Amino acid sequence: MTRGRIFLLATAAVGFLLLYVPLLILVIYSFNASRLVSVWGGWSTHWYVELFRNQAVLNAAWISIQVAVVSATVGTALGTLAGYVLSRFGRFRLRLFFTGMATAPIVMPEVVTGLSLLLLFIAMEQVIGWPSGRGLLTIIIAHSTFCLAYVAVIVQARLTDFDRSIEEAAQDLGGRQPWIFFQITLPVIAPALISGWLLSFTLSFDDLVIASFVSGPGASTLPMLIFSKVRLGVSPDVNALGTLIMAVVALGVFAGAWQMRRADRIRRRDEQRAMRGDA
Amino acid sequence: MSETPDRSRIGKRLVIGIPMLWLLLFFLIPFAIVLKVSLSEGMIAQPPYGPILEWSEDSWLPAYVGSLFNYEWLLDDPLYITAYLNSIWMALVSTFFCLVIAYPMAYLIARSSPSTRTTLLMMVVLPFWTSSLLRIYALLGLLSPNGYINTVLMWSGLTSAPVQMLQTDFAVYLGIVFTYLPLMVLPLYATLEKLDESLLEASADLGASAVGTFWQVTLPLSGPGIAAGCLLVFIPAVGEYVIPALMGGPDQLMIGKVLYTEFFGNRDWPVASAVAIAMLAFLVIPFMMLRNSSALRGEV
């Protein structure tokens, strides 16, 4: 092994250690029987039991799941339209304006987005009486907006990559526009929609700052609950919660990678068959 | 053509119109309201700010009563300017460390065999998909006075008292690097993976050392990835609230935290709005222009 290679491996290892050591310790200490964070008191699943008995945690988790599912779905629907406009509509009036608005939510500082949406909801309530108070609905509207932006970028990139001639062929064969979109464009960009939805779900599930601006007293999301728990001091049941969330994410990522490899293998086999001329 | 131009034009307008309307209502108009509130005076009322237009009986047009008072306030009090500069400085330093740590990772991933590559990529993506708040919490456990690092340090006899790591600038730097590292690795990997090997071979054939090839060929060619990664880390790091709030000291100033405190702590909505507008003017607008003009398209 050359010196350069050893240096590369060593420096890359530092990065991976930085990413994983804190998480690993969190997982190990989620099984700690002791109340004290740094004192090992033997293995136990005590904190998991505690977690599932904690009604506040369960409520907050349920609120977060609902918000994330609806926001990701609304964001994906709107973002797909926006991404389609960006990649397929060529020049139109207000194009630059549209592009700016569709991508700006990504780079906007969260505190600014949160503040501006809260002021909007308050002003709307004063003028038209809707939305009355803040809660699930206002969080969903706020989250859908930034999900829209992320999905638009993903869909635009995907549509730019994909060969337009297929759509043109369908048009030549007499297909009408909405039909072409649903029968041809949408299935082709489906993987982009799935990854956009998953990204949106994660971003919404993770958001603390925007949700704390636009939520009312009744709706506390999981990050809001964790934040207040962490502020009060380290509490061991958060370790258990973190471990559970990581387990779910790891399962999802593994399943995704496995599915991708399988699809890849099938495609390669089909290509080989086609080359050989089999049916 | 199978459809009448009229129908297709209506369809097209609808497809543009729906997302446009949503963004106007929930993205653009809110900023107009922030701008309006930033020009008004703070009041003890519900909501706690005054009007900027006043109707009187002797005129058809309302009189403008807003002022730049809140912006003068931002300029007069060194707290805000310090907070802006400090946020930019801390974001720059963290971005730099992120880049230094992420580059070897991305390089290693791009140069490994396809199966190792998938595993390593998954190892980068996994923390990215887990809750960032929980990851910060994990780091807190590591750094706290009675946390694992201090336990080990004291057990080994290196220190007799716990080392203060939380509530320092160091903790905030570490927190930002730890949270945003995947966002730096991914775009770097994307450009390094596309790098043409024959260029590296050519450089070696022409007598360049491995180090020379890296500085003269690899690094310049990975420019777009470096730029994209740095923007992805720098921009959110400047406005960061959670990390300085949980890991930084109480007197440590970052502009995101200042805005949050003005709004929720002092309930001074006009000043919070002015901070938001200044943040946009100084940060977001230059970066959006940069993003639209450079080779970053498609990278972010």
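Me: What makes residues 170–190 of chain B a helical span in this predicted model?
Reply: The span is 100% helix and 0% strand, and its end C-alpha atoms lie 30 Å apart.

Me: Which annotation covers residues 170–190 of chain B, and where does it come from?
Reply: An unreviewed UniProt entry gives "transmembrane region" for residues 170–190 of chain B, and also for 21–39, 88–108, 226–248 and 269–290. Take residues 88–108 of chain B: this span is 100% helix and 0% strand, with its end C-alpha atoms 30 Å apart.

Me: Why is B:Leu92 called partly exposed?
Reply: Buried means under 20% relative accessible area and exposed means over 50%. B:Leu92 has 45%, so it counts as partly exposed. You will find B:Leu92 in helix α3, residues 78–111 of chain B.

Me: How far from B:Ile226 is B:Leu92, in sequence and in space?
Reply: They are 134 residues apart in sequence, and their C-alpha atoms are 14 Å apart in space.

Me: How many helices and strands does chain B have?
Reply: Chain B has 13 helices and two strands.

Me: How do you know that chain B is more spread out than a compact globule?
Reply: For 300 residues the globule rule gives 19 Å, but the radius of gyration of chain B is 25 Å, well over that value, so the chain is more spread out than a compact globule. Along the principal axes, its C-alpha atoms fill a box of roughly 85 × 80 × 35 Å.

Me: What share of chain B is buried?
Reply: Buried residues, those under 20% relative accessible area, make up 49% of the 300 residues in chain B.

Methods. Residues numbered from 1 in each chain as written. Chains lettered and ligands numbered in written order. Predicted model: local features only at pLDDT ≥ 70, side-chain atom pairs only at ≥ 80, totals over all residues. Heavy atoms only, no water. Helix = DSSP H or I, 4+ residues; strand = E, 2+ residues; numbered from the N terminus. Buried < 20%, exposed > 50% of the residue type's maximum accessible area, 1.4 Å probe, protein only. UniProt positions renumbered as here; feature names shortened; annotations may be inferred. Rg over C-alpha atoms; globule rule 2.2 N^0.38 Å.
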